Amino acid sequence: WGAANIELKPLGPREPRKRSQQALNAGAAWFDMPRAHPDLKTDARVLEARGFVNPKRFYKKTDRVSEFAQLGTVIAGPFDRQDDRLTRRQRKTSLTAELLADRDAKAYAKRKYNELQAAKQPKQHKASRKFKAKFKAKKKVLLTSAS
């Protein structure tokens, strides 16, 4: 077996790849799918919370957004009903924008917010009354001791 002068380097911890070295797309095997845009991640968070938007409907748990993802556009066919399509005015640039423009979703969110605030308020009001009473008592003690 002859001893060759081979120098072995010790294995050390792997250095993480820098962002500039990371692939910009998923590669040819995945049809060069681009990295997920931050807006897409926002829309994915909206999809995860869609049970809040429509509480009377059950939705399965959604998958996480992959590191590489892209969106497509749904084009209405000639056999789709006219009232199922969105008008140009209703179309927005993202799912989040469409949800914020939806009147029913806004009304539901506002109603729920007001209910939560009303439920919290008596507790906060009671706590603030206690705090004010303590403060007044301390102030009285200081005033009586000073005179």
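Reply: Buried here means under 20% relative accessible area, with exposed over 50% and partly exposed in between (1.4 Å probe, protein chains only); by that cut-off, buried residues make up 6% of the 147 residues in the protein. This is a predicted model, in which local features need pLDDT of at least 70 and side-chain atom pairs count only at pLDDT 80 or more, while totals for chains, interfaces and linings use all residues. Residues are numbered from 1 along each chain as its sequence is written, and side-chain values use heavy atoms, with hydrogens and water left out.

The secondary structure comes to 4 helices and 0 strands, where helices (H or I, at least four residues) and strands (E, at least two) are DSSP runs numbered from the N terminus.

A pocket is an open set of points on a 1 Å grid over the protein atoms alone, where a 1.4 Å probe fits and protein lies on both sides within 12 Å along at least five of seven lines; its lining residues have an atom within 4 Å of a point. The largest pocket has a volume of about 1,300 Å³, a volume being the space filled by probe spheres set on the points, which are joined across faces, edges and corners. Of the 34 residues that line this pocket, Leu86, Lys92, Ser94, Leu95 and Glu98 are the closest to its centre. Helix H1 (38–48), helix H2 (50–53) and helix H3 (95–101) each supply at least two lining residues, and the largest share, 5 residues, comes from H1.
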